[in-house]
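Before we discuss this entry, I would like to set down some remarks for you to check against the coordinates. Please read them with the chains displayed side by side.

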Amino acid sequence: MTRNAPLVLVVEDEAPVRRFVRAALEVAGYRVVEAESAREATAHAAGWRPDLVVLDLGLPDGDGLEVLQVLRDSLRIPIIVVSARGQEATKVAALDAGADDYLTKPFGVPELLARLRVAMRRGLGVVRSGPDASWRAADVTLDLARRVVTRSGTAVHLTPTEFRLLALLAQHAGGVVTHQQLLEEGWGPAALEQPHYLRVYMSQLRRKLETDPARPRLLLTEPGVGYRLVESDDGGLTS
Amino acid sequence: MGWAVGPIVVAAGVGLVLRPHLAPADLAMLMLLGVVVVAARNPRWIGVLGTVLAIVGYDLLFITPYYRFSVSDTAYLITFVVMLIVGLAIGHLTSLLREAAQHRAQRERIASTRLVLNERLGAVASADELAEVTAAVLTEATGASCRVCWVARGTTVEAVIDGLGQPRIDHGLRDGVLAILEGSLPHYLTVDGWLVHRIQEGERLWGVVTLDPGEPPRALLDQVPFLAAVLGQVGTILERRETAAAHEAVRVEVEAGRLRTALLSTVSHDLRTPLTTIEGSASTLLTGQDAIPPATRAALLEAIQDESRRMNRLIGNLLEMVRVETGALPVRRSWQPIEEVIGVALLRVEPRLAGRAVEVDLPEDLPLVAIDELLMEHVVTNILENAARHAPGETPIRISARATEESLEIRVRDHGPGLPDAVLAAGSSATVPRGRPIGPGAGHGLGLLICRGIVSVHGGTLTLANAPDGGAELTVRLPRGVAPDGPAHEEEVTA
């Protein structure tokens with residue numbers, strides 16, 4: 001293990017979970033520092049200066065959302081929150097409060113590593129999310145600068161709103177974007193009262209981009225939270 | 001009253017015309033006829049008055065010397081007495097008949113009003129509606145505007161007056177209502193022309209009814225016997241409803257208890273099965289260590305992972321069940337395409353489908369439905385998993401959706417052995433076979449039970465059936481409702 005390997009702060013009160021997360025991360029080439037309480041988490045964050053945080057929102061000694069705020073304010077690093085199914089409202093609150101992505105317990109290691117990979121790239125500035133970036137997966141390509149979308153080499157015609165939504169998702173490719181973020185991007189803050197607009201547009205986008213819109217492979221639904229555009233085949237948005 | 005004794009005047013007139021040709025006895029009979037007619041058609045005192053008038057008239061007009069009383073008239077004493085007796089007797093008999101007829105009419109009115117109350121109160125659910133319907137029926141029956149307010153233990157005068165909604169309520173009426181609530185009065189009282197009546201059956205006060213005297217004010221006291229009889233019936237109906245509701249609550253409680261027992265045995269079985277595999281596999285790996293060939297090791301590890309996922313699904317089911325049953329977590333419905341939910345469910349069951357063909361048939365123009373996406377995804381996932389588990393691996397599963405006038409239908413069809421009769425039977429009544437686990441083994445029961453619960457909180461139905469050519473067919477019907485307008489149409493601009 002090199003000294004340059006990225007350092008992950010794992011905040012989790014259950015020792016067995018910390019144990020397997022540490023094992024999985026170390027195998028994948030990360031360094032790990034553990035915290036089992038909210039207090040330890042803020043202390044370690046200040047002392048160790050980690051590159052990324054995996055934060056369980058259900059800590060015994062504090063509100064996970066408050067810890068998230070503290071970490072967000074003190075460190076400019078990616079944070080992945082972990083919570084149980086059925087707590088979608090908490091996840092959304094965390095994402096809107098600045099968390100980069102989320103995992104639902106129980107989660108598998110491949111899922112954990114995928115989230116970390118995407119978040120690290122964004123955190124390390126590998127990903128260019130500027131207007132000159134591009135995205136490519138399966139037979140679909142997106143060129144943000146030239147505003148060109150193709151599928152199997154043929155141009156796909158999008159409406160301005162469809163394009164704005166797709167562009168926002170592409171800038172976060174591999175990561176989740178909440179309903180609220182997408183609604184604001186597409187229709188402005190007033191549209192928060194009209195959540196079905198987004199559903200209708202995502203359905204239109206799928207018809208244009210997916211081979212089988214009923215079984216999407218690119219534009220994934222995150223129930224109760226938002227949408228996720230899969231990672232670009234070349235790892236991230238590139239210029 | 002002048003008209004009332006008309007027949008006697010007429011008889012006297014006719015007598016006067018015929019006087020030269022008739023005997024005094026015939027003239028007496030003529031006057032008696034007038035008495036009979038008057039007594040039969042009028043209240044008793046007018047009958048008496050008419051009789052006296054007839055006797056005086058007879059004496060003056062038909063007994064010589066005419067037009068004055070004289071001593072010789074005493075010879076006609078028997079005629080006078082008979083006329084009096086006949087007049088009184090007829091008056092008495094007719095008044096008896098009349099009273100009997102009035103009583104019968106009153107009884108019929110009470111009976112028909114009770115019938116109407118029974119019918120119309122049976123058809124309503126809320127207390128407000130009960131009060132409204134009762135007031136309407138009473139208004140119709142009495143002709144006076146009636147208002148009804150229910151009373152429970154601790155109901156205040158203010159609440160009653162508020163409930164009666166009287167615009168002309170004054171201090172006296174308020175005192176009257178208070179007296180009725182305190183039970184210190186008989187069944188009714190009148191205040192300022194208003195009639196206030198208790199709605200009471202046995203010892204229990206159910207409510208208060210007020211009758212508006214209207215403009216010009218009319219007397220309402222004669223309505224009291226009718227009200228007393230009819231309002232007793234209202235009390236009886238209310239009591240019967242309360243008893244029925246209590247019985248229903250007990251029945252539901254018993255049913256829930258039975259469900260819990262069945263659920264518990266299913267859950268403990270379903271949880272222990274994967275745990276047995278996990279513990280067994282893990283301990284094999286630990287004790288066998290390097291002696292285990294790599295292929296076996298991989299299989300054991302895979303089993304641990306698969307069974308953990310299975311347990312997670314089961315626990316998810318239980319949590320959703322609790323969520324729906326207790327209403328602890330609100331159901332968040334929003335308008336969305338069903339396609340999205342089906343897509344998520346298909347992705348979720350993909351590992352269990354193991355490459356099996358799934359036909360998806362979703363028309364492009366399906367309307368939006370108002371659903372809780374997490375719950376409904378659970379329903380579709382459960383149904384698909386059921387199909388994947390029970391139908392042979394090589395047979396296809398088909399999921400389709402279509403819109404009808406009122407509902408959106410989602411149908412999942414497999415080509416397995418179909419649902420066992422016990423599940424079909426249980427499915428139709430939403431209950432569980434007594435005393436045994438819901439669905440044997442890895443069962444249909446729990447998942448379907450939860451599906452039914454979730455679909456019903458959406459106001460929809462879940463239908464279980466076996467297709468004629470084999471295989472299970474499950475249909476979820478969701479009410480369409482009125483979908484909101486979509487976003488404005490946009491032109492495509494990107495190249």
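This is a predicted model: local features need pLDDT of at least 70, side-chain atom pairs count only at pLDDT 80 or more; totals for chains, interfaces and linings use all residues.

1. Chain B contains 13 helices and eleven strands, and of its 495 residues 30% are buried. Where contacts in chain B link residues at least 6 apart in sequence, 64% of them join residues at least 24 apart.

2. On the contact between the chains, 30 residues of chain B are in contact with 27 residues of chain A. On the chain B side, at least two residues each are supplied by helix H9 (294-326), strand S5 (334-336), helix H10 (338-353) and helix H11 (373-390) of chain B. The largest share of this side, six residues, comes from H10(B). Sorted by class, the side of chain B that touches chain A has 14 nonpolar, eight polar and eight charged residues.

3. Within chain A, helix H6 (residues 160-171) and helix H8 (residues 195-209) pack with their axes 10 Å apart and at an angle of about 85°. Because angles from 65 to 115 degrees count as roughly perpendicular, H6(A) is described as roughly perpendicular to H8(A). The contact brings A:Thr161, A:Glu162, A:Leu165 and A:Leu166 of H6(A) against A:Tyr201, A:Gln204 and A:Leu205 of H8(A), and by class the contact has four nonpolar, two polar and one charged residues.

4. Chain A has an open sheet of four strands, in the order S6-S7-S8-S9, in which the pairing is antiparallel. Strand S6 (134-137) and strand S9 (154-155) of chain A stand at the edges with a single partner strand each, so one side of each is left without a neighbour in the sheet. S6(A) and strand S7 (residues 140-143) of chain A run antiparallel and are joined by four bridges; A:Ala137 has A:Val140 in S7(A) as its bridge partner.

5. An open sheet of three strands in chain A has the order S10-S12-S11, again with antiparallel pairing. Its edges are formed by strand S10 (176-178) and strand S11 (219-222) of chain A, each of which has a single partner strand, so one side of each lacks a neighbour in the sheet. Neighbouring strands of this sheet are turned by 30° against each other on average, direction ignored. Three bridges connect S10(A) with strand S12 (residues 226-229) of chain A, the two running antiparallel, and A:Val176 stands opposite A:Arg228 in S12(A).

6. Two cis peptide bonds deserve a look. The bond from A:Lys105 to A:Pro106 is cis, with omega near -5°, and A:Pro106 sits in the loop between strand S5 (101-105) and helix H5 (109-123) of chain A. In chain B, a cis peptide bond with omega about -5° joins B:Thr64 and B:Pro65, where B:Pro65 belongs to the loop between helix H3 (44-62) and helix H4 (77-122) of chain B.

7. Which non-glycine residues show a positive phi of about 50°? A:Arg49 is one of them, and it lies in the loop between helix H2 (38-48) and strand S3 (52-56) of chain A. With 12 C-beta neighbours inside 10 Å, A:Arg49 counts as exposed, because the cut-off for exposed is 12 or fewer. A:Ser152 also has a positive phi of about 50° without being a glycine; A:Ser152 is found in the loop between strand S8 (148-151) and S9 of chain A, and is exposed, with 10 other C-beta atoms within 10 Å.

Technical notes
Residues are numbered from 1 along each chain as its sequence is written. Chains are lettered from A and ligands numbered from 1 in the order in which they are written. Axes are lines fitted to C-alpha atoms, for helices over the stretch in contact, and angles run from 0 to 180 degrees between N-to-C directions. Angles under 35 degrees count as roughly parallel, over 145 as roughly antiparallel, 65 to 115 as roughly perpendicular and the rest as oblique. Two residues are in contact if their C-beta atoms, placed from the backbone, lie within 7 Å. Ala, Val, Leu, Ile, Met, Phe, Trp, Tyr, Cys and Pro count as nonpolar, Asp, Glu, Lys and Arg as charged, and the others, Gly among them, as polar. Two strands pair if DSSP finds at least two bridges between them. A residue is buried if 20 or more other C-beta atoms lie within 10 Å of its own, exposed if 12 or fewer, and partly exposed in between; C-beta atoms are placed from the backbone.
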